[in-house]
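Here is a model to read by its definitions. Each label below is set against its cut-off.

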Amino acid sequence: MKKLTLTAALLAALALTACGNKPTEASPSTTPDIDAPATTPEEGMEIDPEFGVDPETDENAQPAPDAELSDMVDAIYKIQPVELMGMETTGIDLTDETWYGYLAGLTADNVGKVDAAVISEPMTGSQAYSLVLLRLRDKADAREIADSMEENISMRKWVCVEADKARVVSFDDKLLYVMADSELVDPDLLANAAAKAFHATFDVDDSLANEDESELPPELLSAPAVAD
C-alpha cells in the first residue's frame with residue numbers, strides 16, 4: 001500500500017485552508033504564507049514555520065537555472081507578461097527522478113535526451129500556472145519528449161486549483177510546455193510570444209484541455225509516493 005510522504009501531506013493540509021481564496025491577477029491572495037508550494041518536496045524536508053520549506057536545506061534545492069533557458073523565459077515574459085504572485089524561474093534537477101518526473105514529466109528512459117530544463121511558476125500553490133522549457137540534445141527527439149510531458153505532467157498537481165488548458169510546442173532544440181488556469185494566464189499567448197521572440201516555426205504544436213475539472217483532485221498531489 002502506498003502513501004504520500006508526511007511532509008507532502010502536511011503541506012496539502014495547509015493548502016486546503018486556502019481553498020476558496022483563489023487569487024487572480026487583479027486580486028492576489030493576501031495570505032501567501034498558508035499556501036502550499038507549487039512544487040512538492042521530498043520526504044524528510046524541513047518545514048519552516050514562516051516560509052514552508054526550509055530554504056537552508058541545500059540537499060533539496062534545485063540547481064541554478066540554465067542561463068540560456070532562463071533568458072529565453074525572460075524574453076517570452078517581456079512580450080507576454082505573467083503577473084502572478086511570487087513568480088520564479090528555477091532549474092530542474094535532471095539527476096533526480098523525483099523532481100524531473102514531477103516537474104517536467106520526464107522518465108528514466110528519456111531524461112538523458114534532455115540537456116537542461118527550467119521551470120517558471122508561482123512559489124505559492126493557489127495559482128495554477130507552470131511553464132517548463134527544455135533544451136534537447138537532439139531536436140529529432142522533440143515528439144517523443146513532448147508525448148512524455150503530455151502524459152506525465154499533471155494538470156491537477158495543485159491542491160485546490162488546477163489548469164484547464166495547456167500548450168506544448170517545439171522549435172529548433174527547445175521544447176516549451178505551458179499549462180494554466182486560463183482565467184489567470186492563456187497558454188496560447190505564451191506560445192505565441194515564444195514564436196515572436198525567437199522568430200520560431202513550431203515543429204510540435206499540441207493543445208491540451210483538462211476536461212475533468214474539480215475543486216479537489218482525488219490524489220491531492222501527483223507527488224511520488226513511498227511504500228509502507
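The questions and answers that follow cover a sheet and the helices on it.

This is a predicted model, where local features need pLDDT of at least 70, side-chain atom pairs count only at pLDDT 80 or more, and totals for chains, interfaces and linings use all residues. Residues are numbered from 1 along each chain as its sequence is written, and side-chain values use heavy atoms, without hydrogens and water.

Q: What makes β7 and β8 a pair?
A: Two strands pair if DSSP finds at least two bridges between them. Seven bridges join β7 (residues 165-171) to β8 (residues 174-180), and the two run antiparallel. Strands here are DSSP runs of E, at least two residues; helices are runs of H or I, at least four.

Q: Why are β4 and β9 edge strands?
A: The open sheet has the order β4-β5-β6-β8-β7-β9. β4 (87-91) and β9 (205-209) each have a single partner strand, so one side of each is left without a neighbour in the sheet.

Q: Why are α2 and α5 called roughly perpendicular?
A: Angles of 65 to 115 degrees count as roughly perpendicular, under 35 as roughly parallel, over 145 as roughly antiparallel and the rest as oblique. Angles run from 0 to 180 degrees between N-to-C directions, with axes fitted to C-alpha atoms. α2 and α5 (residues 187-198) pack at about 110 degrees, with axes 8 Å apart. They are therefore roughly perpendicular.

Q: Which residues of α2 and α5 meet?
A: Contact means heavy atoms within 4.5 Å. Among them, Met 72 and Ile 76 in α2 and Leu 190 and Phe 198 in α5 take part.
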